[in-house]
Amino acid sequence: MKLTFIGAAHEVTGSCHLLQTDGKNILVDCGMEQGPDLYENPGLPIAESDVDYVLLTHAHIDHSGLLPFLTKKGFKGSIFTTYATADLCNIMLRDSAHIQEFEAEWRNRKGRRAGQPEFEPLYVMQDALDAIEHIIPCQYNERIKVCEGLEVRFTDVGHLLGSASIEVWVTEGDVTKKIVFSGDIGNIDQPIIKDPTYTTTADYVVMESTYGNRLHSSEKPDYLADFSKVLKETFDRKGNVVIPSFAVGRTQELLYFIREIKEKKLIPEYQDFEVYLDSPLAIEATKVFSKNVRECFDEEAMKLVNAGINPLLFDGLKISTTSDDSKLINFIEKPKVIISASGMCDAGRIRHHLKHNLWRPECTILFVGYQAKGTLGRRLIEGEKNVRLFGEPIEVKARIKSLHGVSGHADMNGLLKWLGGFQLPVSQVFVVHGEDTVTEEFAKTVEEKFGYPAWAPFPNAEFDLVNCEILKEGVKIPVKGKKPFQKKEDTAFERLLAAGRRLMGVIGRNEGLANKDKAKFESQINNLADKWDVWDE
Ligand SMILES: [Zn+2]
Ligand SMILES: [Zn+2]
């Protein structure tokens, strides 16, 4: 009975753990790495075709995104998850496959001209459809027998529609151990979905630590009032409010709030304002929310449902499914709200809406979620005055505003509260899904506060669950990094890293460069990166 840490070890994304018992191989999550990658993930120590089951905590791509890759590589087993997660995966994995195919096509268009070998996408649509076929949806709070010696139960952990902590009972001979995988632990008071449920017993706990050293702000913003103010001010100026939004989760929250603004008549002058939801993925995701009401909605949302009100629908909501619908929005002169993806403005239909609205001083671009470094969204928030969209220079004259909703993640106190839910001592806590040093810090906090041994494993670390001991420490290999005992390669790689650091230094010193030169520099770096950025399988 052994647990191996594959992904999201000393990192936030790419969640994946391997549980092995009596010849069975079980994965908990099978996520894709997103954003900057710190440590090399050596990958599965077994063949994908030898994986028997996957237990999935929730639909976010950093937890589910490699399921199609798993099926592509020969996985034939079953994927157990909740009903709502199954529904969300059905749309999100297809969307992810679409992105993979699109990116490969784009690279190959450029690559062919440069005489480069064909670039193969990580997976294609058929792989995603195959993965979806393997999903077995389960009810929350029901103890399910997966096979002899393996039982599981999903409990709502309030992070995203369908999200769960998973309790896993493993029996080998006369030894039974219970391992609880926290999944991403939700914040309290998020609209629509429930607050986290607390699990009470475990021998072992594998828990996330995204906010392991941070607290959310203690003052509660008046979201409805702030949102209404932005809408009214913009409509007064006869402008549009353009909201780049994440299709799943954040968009449904926005719809929930807009319905409330209309119901409470918070901007009576513009009671009939129209809202264009222009993202096929967001539209599909909203349908999934409306389908999984009974199991997933919190009390407040249920009150509306019981009164015959759909909390995500209101008068004036317009849906744009086709790209023609999307283009037509720009011909409507009446001030309106446009909600579109992607949330960080790096792809998708939102870029068209930015092109048509960014230059207009009467319009507002309203950010409602985190913007990662380097994205167009982040650059706009940081006050960039000129951007390029579809090869065209655009002057930024619209107002740029941010409105932060409730975070989907518990903060440090929320994580500790979740761990405090265990009524009997835990033999060992494994801290994962956090930034490098945050995992270590949070493990220390857990030891101090609860006295449980807590450990932040590196990729490929192994733990014996019967004897409660570390079998393998795991390895800390920086990405594209050095293999041990290959001295020559090490030096060459160190030089490469140093060159990269020098480049960052040069960028830092060139903040004052003319925008034209900045763009030139940027395109040179991107060309260089495109040339060397090859995935190796
Ligand atoms: Zn998540
Ligand atoms: Zn996550």
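**Close-up views of the predicted model**

**View 1. Serine 49 touches Gly74, Phe75 and Lys76, with residues up to four places away in sequence left out of the count.** Two residues are in contact if their C-beta atoms, placed from the backbone, lie within 7 Å. The structure is a predicted model, in which local features need pLDDT of at least 70 and side-chain atom pairs count only at pLDDT 80 or more, whereas totals for chains, interfaces and linings use all residues. Residues are numbered from 1 along each chain as its sequence is written, and chains are lettered from A and ligands numbered from 1 in the order in which they are written. Serine 49 sits in the loop that runs between β3 (24-28) and β4 (53-55). Helices (H or I, at least four residues) and strands (E, at least two) are DSSP runs, numbered from the N terminus. The C-alpha atoms of serine 49 and glycine 74 are 4.5 Å apart in space, although 25 residues separate the two in sequence. Serine 49 counts as exposed because it has 12 C-beta neighbours inside 10 Å.

**View 2. Helix α3 (residues 83-113) packs against helix α4 (residues 125-133).** The angle is about 160 degrees and the axes are 8 Å apart. Axes are lines fitted to C-alpha atoms, for helices over the stretch in contact, and angles run from 0 to 180 degrees between N-to-C directions. α3 and α4 are therefore roughly antiparallel to each other. Angles over 145 degrees count as roughly antiparallel, under 35 as roughly parallel, 65 to 115 as roughly perpendicular and the rest as oblique. The crossing of α3 past α4 is right-handed: a crossing is right-handed if the near helix is turned clockwise from the far one by less than a right angle, and left-handed if anticlockwise. Cys89, Asn90, Leu93, Arg94, Ser96, Ala97, His98 and Glu101 of α3 meet Met125, Asp127, Ala128, Ala131 and Ile132 of α4. The contact of α3 with α4 comprises seven nonpolar, three polar and three charged residues. Ala, Val, Leu, Ile, Met, Phe, Trp, Tyr, Cys and Pro count as nonpolar, Asp, Glu, Lys and Arg as charged, and the others, Gly among them, as polar.

**View 3. α3 also meets helix α7 (residues 280-291).** The axes of α3 and α7 come within 9 Å and cross at roughly 170 degrees; α3 and α7 are therefore roughly antiparallel to each other. On α3 the contact is made by Ala84, Asp87, Leu88, Ile91 and Asp95, and on α7 by Leu281, Glu284, Ala285, Val288 and Lys291. This contact of α3 with α7 has six nonpolar, no polar and four charged residues.

**View 4. Six strands with parallel pairing form an open sheet in the order β14-β13-β15-β12-β16-β19.** Two strands pair if DSSP finds at least two bridges between them. The edge strands, β14 (317-319) and β19 (399-402), each pair on one side only. Neighbouring strands of the sheet are turned by 20 degrees against each other on average, direction ignored. Strands β13 (residues 274-278) and β15 (residues 336-340) run parallel and are joined by five bridges; leucine 277 has isoleucine 339 in β15 as its bridge partner. Helix α11 (residues 350-357) lies across β12 (241-244), β15 and β16 (364-367), at about 150 degrees to β12.

**View 5. Seven strands with mixed pairing form an open sheet in the order β7-β8-β9-β10-β11-β20-β21.** Its edge strands are β7 and β21 (454-455), each of which pairs on one side only. Strand β7 (residues 144-147) and β8 run antiparallel and are joined by three bridges, and lysine 145 has glutamate 151 in β8 as its bridge partner. The hairpin of β7 and β8 has two residues between the strands, and glycine 149 takes a positive phi near 85 degrees there. β8 pairs with strand β9 (residues 164-172) in the antiparallel sense over seven bridges, with leucine 150 opposite valine 170 in β9. Strand β8 (residues 150-156) is largely enclosed by the rest of the structure because five of its seven residues are buried.

**View 6. Strand β20 (residues 428-432) and β21 run parallel and are joined by two bridges.** Phenylalanine 430 stands opposite tryptophan 455 in β21. Helix α14 (residues 436-450) packs on the sheet and touches β20 and β21, its direction making about 155 degrees with that of β20.

Note on methods: A residue is buried if 20 or more other C-beta atoms lie within 10 Å of its own, exposed if 12 or fewer, and partly exposed in between; C-beta atoms are placed from the backbone.
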